[in-house]
Amino acid sequence: MKNQSVTVVLTAEAGSKIKLNNETKDVVNGEAAFTVTVPSTLGVYRLHAVTINSAGTSADKEIAIEVVEPKVTLSQVGVKENNQIMLKLEMENFLEALPFYAVQAHVAYNKADLNYEAPGAGLPSDDGTIFDGANSAETLTQEVGTTEKQLIFAGTRYETPGSSPVPPINLKGETATLLFAPLTVTTSAASTQVKLMYVKVLDKDGRTVYELPVSAAASAAVTLN
């Protein structure tokens with residue numbers, strides 16, 4: 001992630017030195033560890049290393065670190081069928097350093113265009129989603145406003161009295177599905193837009209590890225058709 005410190009471990013023969021960019025370290029037990037702060041710019045951050053020993057200096061070796069940031073995305077699954085569209089929310093780039101325990105997400109759409117109809121107990125489909133399984137709970141509700149409707153998802157891990165500690169969720173950078181939501185089309189328009197309005201991700205102690213604030217409303221949107 002951007003603006004984070006990472007450890008880069010390089011190997012060489014005993015008695016050598018390794019120079020990474022402008023820092024040089026002795027090789028101990030075949031390794032030299034460097035702490036590198038990745039920049040705030042997303043993309044690929046490139047480092048350059050050489051080995052120095054009695055034979056001289058080795059050829060330059062480039063080390064590439066991909067700089068990413070966590071995000072939640074919206075997409076449509078398949079095509080409209082029986083006047084329904086399936087919306088999918090996914091979590092991306094939540095690296096090993098960002099385990100979490102709970103997620104809340106708000107999605108908005110035009111009041112006249114779409115509608116969510118709760119199937120009764122549970123969610124429409126949570127097979128293979130992040131909060132599918134034991135010691136997890138999730139809810140999905142729709143709130144109706146003057147011009148928009150908001151779909152509100154909440155999912156959390158939990159422990160019961162006397163149970164073993166329940167670990168947080170760690171995606172380790174893998175993309176994972178947070179939610180599938182079937183939306184009924186209530187307009188004759190060819191397409192309509194769904195906006196991601198708010199996301200908060202918490203760790204086990206209730207600290208925020210990621211937040212898409214209300215001030216960044218509609219920073220993520222998808223057109224459904």
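Student: Which order do the strands of the open four-stranded sheet take?

Tutor: The order is S8-S9-S14-S11, and the pairing is antiparallel. Keep in mind that this is a predicted model.

Student: Which strands stand at the edges?

Tutor: Those are S8 (71–81) and S11 (114–115). Each has a single partner strand, so one side of each is left without a neighbour in the sheet.

Student: And how do strands pair in general?

Tutor: Through backbone hydrogen bonds, in a parallel or an antiparallel way.

Student: OK, take S8 and S9. How many bridges?

Tutor: Eight, with S9 covering residues 84–92. To find your way along the pair, look for valine 72, whose bridge partner in S9 is methionine 91.

Student: What about the turn in that hairpin?

Tutor: Two residues lie between the strands, and asparagine 82 takes a positive phi near 55°.

Student: What does threonine 177 touch, leaving aside neighbours within four places in sequence?

Tutor: Its contacts are Lys88, Leu89, Glu90, Thr129 and Ile130. Lys88, Leu89 and Glu90 fall within S9, residues 84–92.

Student: Switching topic: how many cavities of 30 Å³ or more are there?

Tutor: One. The volume of the largest cavity is about 50 Å³.

Student: Which residues line the largest cavity?

Tutor: Lys80, Ile85, Val185, Thr187, Ala189, Ala190, Ser191, Thr192, Leu224 and Asn225. Val185 is the valine that stands opposite leucine 114.

Student: How does that lining divide into nonpolar, polar and charged?

Tutor: Five are nonpolar, four are polar and one is charged.

Student: Thr192 is in that list. Which strand has residue 192?

Tutor: That's S15, residues 192–202. S15 runs antiparallel to S16 (residues 208–212), and four bridges join the two. One of the bridge pairs is valine 201 with tyrosine 210 in S16.

Student: So what sits between S15 and S16?

Tutor: Five residues, making this a hairpin. In the turn, glycine 206 has a positive phi of about 85°.

Conventions
Residues are numbered from 1 along each chain as its sequence is written. This is a predicted model: local features need pLDDT of at least 70, side-chain atom pairs count only at pLDDT 80 or more; totals for chains, interfaces and linings use all residues. Side-chain values use heavy atoms; hydrogens and water are left out. Two strands pair if DSSP finds at least two bridges between them. On a 1 Å grid over the protein atoms alone, a cavity is a set of points where a 1.4 Å probe fits but cannot get out, and a pocket is an open set with protein on both sides within 12 Å along at least five of seven lines; lining residues have an atom within 4 Å of a point. Grid points are joined across faces, edges and corners, and a volume is the space filled by probe spheres set on the points. Ala, Val, Leu, Ile, Met, Phe, Trp, Tyr, Cys and Pro count as nonpolar, Asp, Glu, Lys and Arg as charged, and the others, Gly among them, as polar. Contact means heavy atoms within 4.5 Å.
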